[in-house]
Amino acid sequence: MADESHDITVEVNGASYRATVEARMLLSDFLRHELKLAGTHVGCEHGVCGACTVLLDGAPVRSCLMFAVQANGHELATIEGLASASGDLSPLQAAMHEHHGLQCGYCTPGILMTMTAFLRENNAPSENEVREALSGNLCRCTGYQNIVDAVLDAAGKIRAGAP
Amino acid sequence: MTTRFFGAPIKRIEDKKLLTGRALFIDDVELPGMLHAAFLRSQAAHARIKHIDTSAALKREGVIAVYTANDLGPYWQAGPLLVPPPPIPGIVFNLRSHVPLAKDTIRCAGEPIAIVVAESRYIAEDALDDIAVDLEILPAVVDLEKASKKGSTCVHADLGTNVAAHVHQTKGDYARAAAKAHLTIKRRFRYEHGISSPIETRGVVAQWDARAEQMTVWDTTQAPVFVRSLLAGALGLSEGQVRVIAPFVGGGFGPKIFMLHPEEATLPWIAVRLNRPIKWIEDRFEHFVATTHERGQIHDAEIALTKDGRILGVKDVFLHDNGAYNPYGLTVPINSQCTLLGPYVIPAYDSTFTSVFTNLTIVTPYRGAGRQHGVFVIERLLDLAAHELGIDAAEIRRRNLIPNDAFPFNNEIIYQDFAPLQYDSGNYEPVLDKALAAIGYHHFIREEQPKIRAEGRCVGIGIACYVEGTGIGPYEGAKVQVRSNGKVSVATGVGTQGQGHFTSFAQIVADQLGVDVTDVDIVTGDTDRFYWGAGTFASRGAVVAGNAVNEASLAVRKKALKLASDAFECAEEDLVLADGKVSLVGVPEKFIRLGELAQRANPMRGAVKPGTEPGLESTQYFGPPSGSTANGVHAMIVEVDPETFQLQILKYVVVHDCGTVINPLILEGQIHGGVAQGIGNAFFEKLSFDEQGQLLNASLADYLLPTSLDVPRMTLDHTVTPSPLNPLGIKGAGEAGAIPVGALFAQAIENALQLKDRGVEILEIPLSPSRVFELIAEGNKA
């Protein structure tokens, strides 16, 4: 039912939000247009491009393939929460800058979220493992090489004890 | 000019906003009371509209308005001719421009029929289903060859033909060249380019301020200045009443320069009528049919050569799929026609094309913009010739390269910028040598390939050359202002879609004005900040806008030195401009800061002398007489699975020459991205239509873009031959990576599978594992 509404509570980047949403409200639309966290981008709305990837309880999900109501009671992390409160970039964000891993920057939030979760699971990946993990995120500008280099570099920094 | 920043791999200034989710993209624009639009698009490719019933949609709760063509009244106009055809003798050009909403006839699937305006996008899309459209379906014109034949259904019935344009250009006398040739080779080539597929689709937000009588439009356009001018004209407003802002744009690659897209034309009109802001964001399914494509050409081409492989001439007759309307003129087929000539001495050239209307989405330039098609034809002809004559593929290319002392080299025919196709400068052989060395060409062929083949593996090598006309006019401009806090503001009219303009332009300014690159704030694509210019296309941003930024910076530099010499009562030659201040040579403690000079340039008392201007600022323009020509060579080693025909790129090399380099980091990124799109074009991306003109693979799950597993690590190198056509010596690089990749794939796959020995030739792009399988099966049958 399109007009059926639900009360939900979600935690996004450590802040708690309560809202009433239509059953059909996409999580991506909820984050962007209701919570005004517009850093999460929408590229295809059919789950292929990965631009809208956010972390749900730490795992990457496509926010265009989920309803907001499905996130009820869960913790979300988005691009807005990656840098520290004082504005320091995460090792991966910093490495993307160092290696020119972004051009138009539209796919970048999804890539940062996907690879942030990946590096938590595997902080010593091979290039092939990075490419495999990245292959669900489409980038039309960079040809991926500089993103791969950025992820490998960030992994090294994380191993060396960067936050 | 000191070179602290220019030429250095400066990391991008714009990155931080993009990395933290703070950059403003079109769908991030939120305005109080904003409405949302959805477009009802035709599912039929060719039809007559008999009746549209919008009454049910209007009754739906939350729907504010529904518009059809008739509701637009006199605002319903066909768009203007955007790019006039070049002045070529005997040219035929039949303009049929697109309209904001289909009124009587639908000429391609995806053409908009009605607009729903509602309180939310969800409701607007719901209401599209409420609209009943009664159509009389007409036969669709889809096949390019059939469309060009007499007796075909006409896309534009009033025209009586599907010929959109006919162009014949010649250089020398091909018939005479062919008569004395040792060998002529003729083949039919098919080349299709796809849809640019930026990860951000298109979008428009329009806001009308009824009190100020001011229109503000946020638009994912590559050409905000032209959109502003066209909208002002259409709406009956002065240009000063319309502000177009291209915010951060998530990739363009060509189609975002088309205008006025129906959504760009109609949303501002609706904003005035409803006196509320309104937003439309294209979804991906719409993007596949509502944003322009590039698509295909069929070439019947012939090459005439001497026994030792020197080209005597080329003759080419080709058909170009123009789609349903042609306001963008002939840029794509003219580029194909001109770029075919490549880096080679081709004494005789006879080229004819017919641009054909079809019931398919409009064709406009997409990264490479027809150049791929031409490069494919000449490179394949050379490969065929090399095989026939028993000459190595690299060697036949070397023998035909334009020699170093032949520049400027006039190819005589007319290019897309209306100027004769004259290569301004170049030094081609070192580029070929570097590419051959980097790929290990001779070693691979003599040593590695035989060994790997002996193991039963199929590995092959390819090498392809190209020349790209870049950086065409007419002009761009820039305004450079030193603020009283010492920071420098720069505004230019081009839009930006990821090319790094915020950094590369800042590098130019920083060196001229002796400031840090982070003290330079660049504004692109806001017509209230800079209101003249053409836009970002044809690999021209760095060349044309970059030089305008340089000219304006130079003028400000002169002003600063003049002001300081007055203040210090010394000669300008005794001053040095560095670290944000002007100081006396040899007396560093005697200085005046740029910010203070800016204040002095705007005095409270006294007089500004006649012939001078207040403010430490300048607006300058730059227009090159013609485009500067970049060149390059790509080389690749591939392994093809002989059973599945899956392909793995083992090594990829790009060596190119785009003149002076502003920022090697940004340049490499442009090349990487271009090659990735070239790989998509060569082996992944094919727009598949059925006989009714339906796009069968209109989703990213079906139209495959290359992923991180498909695009290899690349080895890049470059040579520098500065262009004499602009003070900075720059040539464009935005499209270079994408141009020769199709030709390279065909050659390398043929080589890997030893197809020549099996009587199979690859004469088409795009390929895919299944297409290679089919070609071999067809060859076996024959």
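## Around Ala37(B)

Skipping its neighbours within four places in sequence, Ala37(B) is in contact (C-beta atoms, placed from the backbone, within 7 Å) with Ile115(B), Val116(B), Val117(B), Ala124(B), Leu267(B), Ile270(B), Ile278(B) and Trp280(B). This is a predicted model, where local features need pLDDT of at least 70 and side-chain atom pairs pLDDT 80 or more, while totals for chains, interfaces and linings use all residues. Residues are numbered from 1 along each chain as its sequence is written, with chains lettered from A in the order in which they are written.

## The largest nonpolar core

Ala37(B) also turns up in the largest nonpolar core, which has 302 residues; Ala37(B), Val116(B), Val509(B) and Ile749(B) touch the most other members. Such a core is a set of buried Ala, Val, Leu, Ile, Met, Phe, Trp, Tyr and Cys residues joined through C-beta atoms within 7 Å, buried meaning 20 or more other C-beta atoms within 10 Å of a residue's own. Helix α15 (residues 541-568) of chain B (helices being DSSP runs of H or I, at least four residues) gives the largest share, 10 residues. Domain 1 (5-81) and domain 2 (91-159) of chain A, with bounds from an automatic or database domain assignment, both contribute, so this core lies between them.

## Inside chain A

The C-alpha centres of those two chain A domains are 22 Å apart. Their contact takes 15 residues from domain 1 and 11 residues from domain 2.

## Where the chains meet

Chain B puts 40 residues into its contact with chain A, and chain A puts in 41. On the chain B side, α17(B) gives the most, with six residues.

Definitions and conventions: Contact = placed C-beta atoms within 7 Å. Helix = DSSP H or I, 4+ residues; strand = E, 2+ residues; numbered from the N terminus. Buried ≥ 20, exposed ≤ 12 C-beta atoms within 10 Å, placed from the backbone.
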